Every structure is written in C-alpha cells, then in structure tokens.
Amino acid sequence: MSKTPSAAPRTEGRIFDKDWSVANVARLLRSNAGRGVWRHVATTGGSSASVNQYYLRTVSAFHLPSSASLIFMRLERENCFYLSLCFAGNDEYLPWNPETAELWLWALFGEDRPRVHEAADATGTVRQFTLPMGE
C-alpha cells in the first residue's frame, strides 16, 4: 500500500511567494483537495499511482513568507481531510512554529478547527492533523 505522504522541506507542489497570503493559498489547497482523493494503492505503478502523484502535486505547497511546507488532502480510506505541516528553509527543517501553525490550521479548516485531531506522535518537526468527514 502507498504510504500517506508527509510534508518535507522540498514540496511536490507549487512554491508561493509574498504575493500569496496564507488565506489565498489555503483557499486554493481546499479547492484542489475537493477535486480528488488520496487512494491507498499498491506502489507498483499503474494508473492509480499516477493519479495519486498528480493529486499530490495539486494539494502540496510551500509558502515562502511563513516558511510552511504543507499537504492538504482528502484520504479515501480514513474518510477525512488530512494536513501534514512542517516549517523549512534552505531545504532543511526549521523548528515547529505554533503560532504560524495555528494560522494555517484556521485557514484550512475554518470553523471546523476545534474538531481537528492532531496525530498522537506530534512532537517532531512534521505534524499531521485530520478532520473526519461526516461527523
């Protein structure tokens, strides 16, 4: 099965400069996430793997002003929205920035932010969050 991707200093998606606000990048990622879904499929290639790779490129971003690298997508098997977030500069991880992370969480999840679950092992530089759909 293909592993759910995690944010990293190098993104699969677009790089956004200071002319893109957190709110605008979040709006684009939410829209793109709604157009597809991450499917846990065998990694031996095939059309599902290439669809996943294309989807990953559209739901990944690096926002230069906030130093945030993120992936925001829907996970088919878990039936949830998923956010993987880290901070990076010069292709290296930066320390976790709780204030900026919270800004991203509110921008991406909006009024559903209080229902967002953080992964239990959320102590490192990359953190994952989920919002179950249909609750």
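Predicted model: local features only at pLDDT ≥ 70, side-chain atom pairs only at ≥ 80, totals over all residues.
Residues are numbered from 1 along each chain as its sequence is written, and side-chain values use heavy atoms, with hydrogens and water left out.

I find that α1 spans residues 22-33, twelve in number, and reaches 16 Å from its first C-alpha to its last, close to the 16 Å expected at 1.5 Å a residue; that expected span is 1.5 Å times one less than the number of residues. Helices (H or I, at least four residues) and strands (E, at least two) are DSSP runs, numbered from the N terminus.

I noted Val22, Val25, Ala26, Leu29, Asn32 and Ala33 as the buried residues of α1, where buried means under 20% relative accessible area, exposed over 50%, and partly exposed in between (1.4 Å probe, protein chains only). These residues lie on the same side of α1 because they cover an arc of only 130° around the axis, the arc being that of the directions from the helix axis to the C-beta atoms. They pack against β1 (14-16), α2 (47-58), β2 (60-63), β3 (68-75) and α3 (98-109), with contact taken as heavy atoms within 4.5 Å.

**Helix α2.** I then checked α2, which also has its buried residues listed: Asn52, Tyr55 and Leu56. They cover an arc of only 100° around the axis, which puts them on the same side of α2, while the face turned away from that buried side carries the exposed residues Ser47 and Tyr54. Among the elements covering the buried residues of α2 I recorded α1, β2 and β3.

**Nonpolar core.** Of its 31 residues, Leu70, Met73, Leu83, Leu85, Trp104, Leu108 and Phe109 touch the most other members, and its largest share, six residues, comes from β3. Not counting residues up to four places away in sequence, I found that Leu85 touches residues including Leu70, Trp96, Trp104 and Val126.

**Two asparagines.** Last, I looked at phi. Asn79, in the loop between β3 and β4, has a phi near 55°, a positive value in a residue other than glycine, and is partly exposed at 40% relative accessible area. Asn90, in the loop between β4 and β5 (92-93), has a positive phi near 50° and counts as exposed at 77% relative accessibility.

Note on methods. Core = buried A, V, L, I, M, F, W, Y, C linked by side-chain atoms within 4.5 Å.
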